[in-house]
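Q: Before the terms are applied, could each of them be set against its cut-off, so that a reader can follow how the conclusions are reached?

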Amino acid sequence: WNKWKAADLELSALTTQNMMMAEQLNQVNNELGDIKNDLAILISPEFSRIILNGTDNAPTAKAVVYWNQRLEKVFLHTKFMAALPQDQQYQLWAIIDGQPVDAGTFDGNTDSFVEMKNIAKADAFAVTIEKSGGSATPTLSTMQVIGNISS
C-alpha cells in the first residue's frame, strides 16, 4: 500500500509537470507563429519600410511603418516608444495631401507588429499622443515621431 501511495504521488507530480510543459510548449508555438508572421512582413518585397524618427517632443523615440500599398495594409513596430499612462494612447496618422487621416491607436513599447487601419495612399506617417481611444484630429503639440514616404 505504501509503494502504491508513493507511486500515486509521483504520478500526480509527473502529470502536473507534464501539463506545465505542454502549456509552455503551446506558448512557445504561439510566439513562434507571431515571429513567422512578423518575418513574412519584414522580408516581403511588397511592404515599404518607413522610418519614423523622434520629434523635439521625443527625440529618442522611433517607430517603423511597414506598408503594403496594393493591399492597403499597415503594420507598425513601436519597440522604441515609451509606455503611456492608462488614460492615453498613441495614434498613428497617415498624412494624405497635407491632411491627417486616422490610422488607429496603439500602446507603446511592443515587441511585435501592430496591425493598423488600412491606408490606400499616404505622403507621410506620424504618431501623436491622444486620450485613450484616440481623437478625430491630431494634437500636434504631442507629436512623437514622423516619417516621410520616399518615392
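Q: What makes the pairing of the side chains of Glu115 and Lys73 a polar contact?
A: The side chains of Glu115 and Lys73 approach to 3.1 Å, and a polar contact is a pair of N or O atoms within 3.5 Å, where within protein one must be able to donate a hydrogen and the other to accept it, and residues adjacent in sequence count only if both atoms are side-chain atoms. This is a predicted model, in which local features need pLDDT of at least 70, side-chain atom pairs count only at pLDDT 80 or more, and totals for chains, interfaces and linings use all residues. Residues are numbered from 1 along each chain as its sequence is written, and side-chain values use heavy atoms, with hydrogens and water left out.

Q: Which residues does Glu115 touch, not counting residues up to four places away in sequence?
A: Glu115 touches Lys73, Val74 and Phe75, where contact means heavy atoms within 4.5 Å. Glu115 itself belongs to strand S6, residues 114–115, and strands are DSSP runs of E with at least two residues, whereas helices are runs of H or I with at least four, numbered from the N terminus. The C-alpha atoms of Glu115 and His77 are separated by 9.2 Å, although these residues are 38 apart along the chain.

Q: Why is Glu115 called partly exposed?
A: Its relative accessibility is 45%, and buried means under 20% relative accessible area, exposed over 50% and partly exposed in between (1.4 Å probe, protein chains only). Glu115 therefore counts as partly exposed.

Q: Why is Asn68 called buried?
A: Asn68 has a relative accessible area of 1%, and is therefore counted as buried. Asn68 is part of strand S2, residues 62–68, and its side chain makes a polar contact of 3.3 Å with the side chain of Glu46. When neighbours within four places in sequence are left aside, Asn68 is in contact with Glu46, Phe47 and Lys73.

Q: How do you know that Thr128 is buried, and which side chains are joined to its own by polar contacts?
A: The relative accessibility of Thr128 is 1%, so Thr128 counts as buried. Its side chain is joined to that of Trp93 by a polar contact of 2.8 Å and to that of Glu130 by one of 2.6 Å. Thr128 lies in strand S7, residues 124–131, and, with neighbours within four places in sequence left aside, its contacts include Gln89, Tyr90, Pro138 and Met143.

Q: How does the radius of gyration of the chain compare with that of a compact globule of 151 residues?
A: The chain has 22 Å, whereas a compact globule of 151 residues would have a value near 15 Å; the radius is taken over C-alpha atoms, and the globule rule is 2.2 Å times the number of residues to the power 0.38. The C-alpha trace spans about 80 × 35 × 25 Å along its principal axes, and the chain contains one helix and eight strands.
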